[in-house]
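Thank you for asking for comments on this model. Please have the sequence and the coordinates open while reading.

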Amino acid sequence: MTEKHPSKQWLTVGFETKNQIRLFIGERSKTQFDSGCKMFDLFLKDPFRFDEISFKNFYTGYLTIKAKEKYSNSDNEWRIILKRFKLMPDVHGESGANQTFHFSKDMFLDQELDNISQLRFILQQPSCNWKDFGIDDIKLKAVNMVC
């Protein structure tokens with residue numbers, strides 16, 4: 001008698017994203033201070049429990065990712081899954097500035113999230129050397145167990 005062992009099949013998760021917005025400190029009518037922060041939200045077309053996030057960095061020094069579940073009893077609170085992860089070893093230098101990063105779910109602070117419907121990416125670049133920064137080519141993957 002032979003047993004069937006499930007195998008992993010990678011599925012690409014569809015999503016929509018809003019433009020990255022720069023965050024400022026101060027009122028618009030007065031002099032603004034550039035905080036060195038940007039953020040954007042990513043809306044999943046179907047709620048998923050994804051297993052990997054990958055993206056290409058463009059001079060972002062630190063990254064925080066928050067997640068929101070669709071069917072959560074926690075009043076739709078944001079939950080931190082990655083906190084101030086250092087993407088560039090030296091934010092004033094070039095190292096890591098154009099690198100592709102892959103984060104698997106075992107790297108997340110909260111690994112028990114199901115039915116994720118929205119992700120919030122908070123980007124930080126404290127160096128005054130890089131006025132423009134961001135992340136591109138974001139990919140989310142989920143594992144589908146196939147027998």
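The numbered points below go from the overall fold to strand pairing, the core, ring contacts and cysteines.

1. Basis of the note. This is a predicted model, in which local features need pLDDT of at least 70 and side-chain atom pairs count only at pLDDT 80 or more, while totals for chains, interfaces and linings use all residues. Residues are numbered from 1 along each chain as its sequence is written, and side-chain values use heavy atoms, with hydrogens and water left out.

2. Overall fold. The secondary structure comes to zero helices and ten strands, where helices (H or I, at least four residues) and strands (E, at least two) are DSSP runs numbered from the N terminus. Along the sequence this reads as β-β-β-β-β-β-β-β-β-β. Of the 147 residues in the protein, 38% are buried; buried is taken as under 20% relative accessible area, exposed as over 50%, and partly exposed as in between, with a 1.4 Å probe and protein chains only. Among the contacts (heavy atoms within 4.5 Å) with a separation of 6 or more, 77% are between residues 24 or more positions apart.

3. Strands E5 and E8. Strand E5 (residues 52-58) pairs with E8 in the antiparallel sense over five bridges, two strands being counted as paired if DSSP finds at least two bridges between them. Glu-52 has Ser-104 in E8 as its bridge partner. In strand E8 (residues 100-104), Phe-101 and Phe-103 make up the covered face, whereas Thr-100, His-102 and Ser-104 make up the uncovered one. In a regular strand the side chains alternate between the two faces of the sheet.

4. A buried serine. Ser-54 lies in strand E5 and counts as buried because its relative accessibility is 6%. If neighbours within four places in sequence are left aside, Ser-54 is in contact with Phe-101, His-102, Asp-137, Ile-138 and Lys-139.

5. Strand E6 and its partners. Strand E6 (residues 62-69) is mostly covered, with seven of its eight residues buried. E6 runs antiparallel to E7, to which five bridges join it, and Leu-63 stands opposite Phe-85 in E7. E6 also runs antiparallel to E9, here through eight bridges, and Lys-66 has Arg-120 in E9 as its bridge partner.

6. The nonpolar core. A nonpolar core is a set of buried Ala, Val, Leu, Ile, Met, Phe, Trp, Tyr and Cys residues joined through side-chain atoms within 4.5 Å. The largest one has 28 residues, and those with the most contacts inside it are Phe-50, Phe-55, Leu-63, Leu-119 and Phe-121. The elements that give two or more residues to this core are E4, E5, E6, E7, E8, E9 and strand E10 (134-146), and E9 gives the most, with four residues. In soluble globular proteins, nonpolar side chains tend to be buried together.

7. Aromatic pairs. Rings of Phe, Tyr and Trp (its six-membered ring) are paired if their centres lie within 6.5 Å, with planes under 30 degrees apart called stacked, over 60 edge-to-face and the rest tilted; a search of the whole structure finds seven such pairs. Phe-40 and Phe-121 are stacked, because their ring centres are 4.9 Å apart and their planes are at 0°. This pair links distant parts of the chain, with Phe-40 in strand E4 (residues 33-48) and Phe-121 in strand E9 (residues 116-124), 81 residues apart. Phe-40 is buried, at 3% relative accessible area, and Phe-121 is buried, at 0%. Phe-85 and Phe-103 form an edge-to-face pair, 4.9 Å centre to centre and with 90° between the planes. Phe-85 lies in strand E7 (residues 79-86) and Phe-103 in strand E8, so this pair ties together parts that are 18 residues apart in sequence. Phe-85 is partly exposed at 28%, whereas Phe-103 is buried at 2%. Ring pairs link Phe-55, Phe-85, Phe-101 and Phe-103 into a cluster.

8. Charges over rings. A charge is taken to sit over a ring if NZ of Lys or CZ of Arg is within 6 Å of the ring centre and within 35 degrees of the ring normal. The charged end of Arg-84 sits over the ring of Tyr-62, 3.9 Å from its centre, and Lys-38 lies over the face of Phe-133, at 4.8 Å from the ring centre.

9. Cysteines. With a disulfide defined as a pair of cysteine sulfur atoms within 2.5 Å, the count comes to zero disulfides. Cys-37 is buried at 15% relative accessibility, whereas Cys-128 is exposed, with a relative accessible area of 59%.
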